[in-house]
Amino acid sequence: MYRKRFKIGLALGGGGARGLAHVGVIRILEKEGIPIDIIVGTSAGSVVGAYYALWKNSQELKTIAIKIANKLNQYSKYFDFNKYQAEGDRKQKLPWRRLTEFIRKGYFLHTELNKVCLNDGLYMEKVLGEIFSEYSFHETKIPFRAIAADLISGKETVLNEGRLTKAIMASCAIPGIFPPVQYNNQLLVDGGIIDNVPVEPVKKAGTDFVIASDINRDIKRKNKYNNAIDILIRSDLITSKALRRIQLEKSDFVISPEINHIDWWDFSKPEICIELGEEAAKRTVNKLKSMLRKNKLKNSWKKLIIKH
């Protein structure tokens, strides 16, 4: 008689460069023989998740992740907002630092508010296109979903059809920085604003056990606020943390790499990020295996009771 197999899902959260830690997590899961039946990724998690879902090879995933990181680390020349700074300042500061300073100093409000975004996203699309080519969702070896947010309806969108590159661009479209992506009748942006660790979509896909890889940093104490922008940014961080906590509580197991010291825009340390993901997974893998055994047993008993 046919018996439904116990299914394990993996939720990969957003977090920019810190998403490289997902690679390390996946490498240990693969090494320990823990099968993944579905992957759902938000933002950076969608990039990592899509590639592993396509090829199901963590060594290739590591190689390509480092390649992407190195390309994005040279990304500064593709930002046009540095034209408002003196040449000397441009050379000394990384692009995301410059962006933060723009916002804090008010340049953003005076010069960029009339634009839809600060960057046209063409270089990002080129990088992703080189990696994912014309591959689509139905070609993945592991079922995969990408999470985005629809500006029109205000709702979460679970992407599971069409070209992977376009879906990932939508999931990574940071509001105000990259342009929204037109997807059917939707206008999509970074899924992190609504579902940064996509546990619920993994559950809805019919899994029995959800592993969440959370790469967001904790909020440090801060006493000084210089202006309204400082307060707005802080408020958004607090809201995001509260939402993420609720999402993580729905998972069965959480792996949290200790990656607080890596800024989301800093792609200069891919190997370190991957190692931190591996270390976090190694620390918890025995507990994970124990929980999987218990849940598989519990699941079998439930089916037996229902059947009789």
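A residue is called buried when its relative accessible area is under 20%, exposed when it is over 50%, and partly exposed in between, using a 1.4 Å probe and protein chains only. F132 is buried, with a relative accessible area of 0%.

This is a predicted model, in which local features need pLDDT of at least 70, side-chain atom pairs count only at pLDDT 80 or more, and totals for chains, interfaces and linings use all residues. Residues are numbered from 1 along each chain as its sequence is written, and side-chain values use heavy atoms, leaving out hydrogens and water.

**The whole chain**

The protein chain has 11 helices and 8 strands. Helices (H or I, at least four residues) and strands (E, at least two) are DSSP runs, numbered from the N terminus. The chain has 308 residues, and 48% of them are buried. Contact means heavy atoms within 4.5 Å. Take the contacts between residues at least 6 apart in sequence: 76% of these join residues at least 24 apart.

**F132 and its helix**

F132 sits in helix α7, residues 122–132. Which residues does F132 touch, leaving aside neighbours within four places in sequence? They are V47, A50, Y51, L54, L164, T165 and I168. The C-alpha atoms of F132 and R163 are 8.7 Å apart, although 31 residues separate the two along the chain.

The buried residues of α7 are Y123, M124, V127, L128, I131 and F132. Seen down the helix axis, they fall within an arc of 155°, so they line one face of α7. The arc is that of the directions from the helix axis to the C-beta atoms. An α-helix has 3.6 residues a turn, so residues three or four places apart point the same way.

| Helix packed against α7 | Residues |
|---|---|
| α2 | 44–55 |
| α3 | 58–72 |
| α8 | 164–171 |

After α7 comes S133, with a positive phi near 50°.

**Helix α2 and helix α1**

Helix α2 also packs with helix α1, residues 20–31. The angle is about 35° and the axes are 10 Å apart. Axes are lines fitted to C-alpha atoms, for helices over the stretch in contact, and angles run from 0 to 180 degrees between N-to-C directions. Which residues make the contact? From α1 come H22, V23, I26 and E30. From α2 come G45, V48 and Y52.
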